[in-house]
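Good morning. Please have the sequence and the model open while I talk.

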Amino acid sequence: MRTIAILQLVTCGLCAGQFLIAEGTSKPPEIPLKDFFDNPKISDAAISPDGKRLAFLSPENNRLNIWVCETGSDLASAKAVTHDIERGIIAYWWTRDSSYILYGQDQGGDENFHLYRADPSNPTAKPIDLTPTEGARAEIIDLPRDRPNEALVAINARDKRYFDAYAIDIASGRSRLLEKNPGDVDGWFADGHGIIRACAAQVGTKTEIRVRDSGSGPFRLLATYSDEESVSIHGVGPDGSFLYLSSARNANTERRASLDLKTGKETVLDEDPEYDLSEVLISDQTNELLGVGYNRDRLSYKGFDKQF
């Protein structure tokens, strides 16, 4: 009888809802399917390091491109500094001296992203391909604060299987090899001075973290993690004495930790007993840890910096 009563209540509720709609309560408007896949009108805004200009992504001819205007001015005054008509641009970076904007783009969807330089002072100029090797892919390692004219980039130009580390002069496009991949490195990491101090290598089913004390000489093995421990390096600490990383070592979830560059000791900085670490926010100016994010029922953040 209790089940029948519940069904009667549910049926009455549905009938009441239909009655209200029939009596003039309008249905919410349907959202067109294309709106879920359309380009945003404006996204990914970033102020130049000197604070004088604002860049953002916005469509030009139905493709996302980079637009720039003076800070404090109306966005309608912005001009497109890229004019991509194929796939659109999804990520970009101001150079440290605010002279240029760097962005990645592939050709025809081949996923071999090259690094391009656009000039905000000359919006109609054709962007320059800083990594023009055909079939190669480029990934930014770091934009050194101490050398604003340089970009540290990993490129598989020598051998498509391996990414070597290069320093590229942003103005001239000249590059020089910094580190040759020994055949197993899948990530290079620089400290706050733009010096490559660590790398991650895949060896069988394990990840090796290798480090060194300066910008030259061989790397030494610091720590080894199994695939189940899901280690990821997120950067070098402010004083260059430790790495920021996430791992599930001795835990059920991935958690925030530091790894001492001398001893290899892992110290837990933050964790959630039920949810994996989702985001790590590190200051681009000081390399200090600002906050972390966890994907619970929704993405939630925990701050470690009062201003942040």
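First, how to read the values. This is a predicted model, in which local features need pLDDT of at least 70 and side-chain atom pairs count only at pLDDT 80 or more, while totals for chains, interfaces and linings use all residues. Residues are numbered from 1 along each chain as its sequence is written, and side-chain values use heavy atoms, with hydrogens and water left out.

Now the whole chain. Its secondary structure comes to one helix and 23 strands. Helices (H or I, at least four residues) and strands (E, at least two) are DSSP runs, numbered from the N terminus. Along the principal axes, the C-alpha atoms fill a box of roughly 80 × 55 × 40 Å. The radius of gyration is 25 Å, whereas a compact globule of 308 residues would have one near 19 Å. That radius is taken over C-alpha atoms, and the globule rule is 2.2 Å times the number of residues to the power 0.38.

How much of the chain is buried? Of the 308 residues, 41% count as buried. Buried means under 20% relative accessible area, exposed over 50%, and partly exposed in between, with a 1.4 Å probe and protein chains only. As for contacts (heavy atoms within 4.5 Å), take those with a separation of 6 or more: residues 24 or more positions apart account for 29% of them.

Next, one sheet. Strands of a sheet pair through backbone hydrogen bonds, either parallel or antiparallel. Here two strands count as paired if DSSP finds at least two bridges between them. Four strands form an open sheet in the order E17-E18-E19-E20, with antiparallel pairing. Strand E17 (232–236) and strand E20 (266–270) are at the edges with a single partner strand each, so one side of each has no neighbour in the sheet. On average, neighbouring strands of this sheet are turned by 30 degrees against each other, direction ignored. The axes behind that angle are lines fitted to C-alpha atoms, for helices over the stretch in contact, and angles run from 0 to 180 degrees between N-to-C directions.

Six of the seven residues of E22 are buried. Strand E21 (residues 277–282) pairs with E22 in the antiparallel sense over five bridges, and Glu 279 has Gly 293 in E22 as its bridge partner. Six residues lie between these two strands in their hairpin, where Asn 287 takes a positive phi near 65 degrees. E22 also pairs with strand E23 (residues 299–303), antiparallel and over five bridges. That hairpin has three residues between its strands, and Tyr 294 stands opposite Ser 300 in E23.

Last, single residues. Arg 197 lies in strand E14 (residues 196–203). Is Arg 197 buried or exposed? Its relative accessible area is 8%, so Arg 197 is buried. Its side chain reaches the backbone oxygen of Arg 212 at 2.8 Å. Leaving out residues up to four places away in sequence, Arg 197 touches several others, among them Phe 189, Asp 213, Phe 219 and Leu 261.

Cys 69 is at 5% relative accessibility, so it counts as buried, and Cys 199 counts as buried at 1%. A search of the whole structure finds zero disulfides, a disulfide being a pair of cysteine sulfur atoms within 2.5 Å.

Conventions: Polar contact = N/O pair within 3.5 Å; in protein donor to acceptor, adjacent residues only side chain to side chain.
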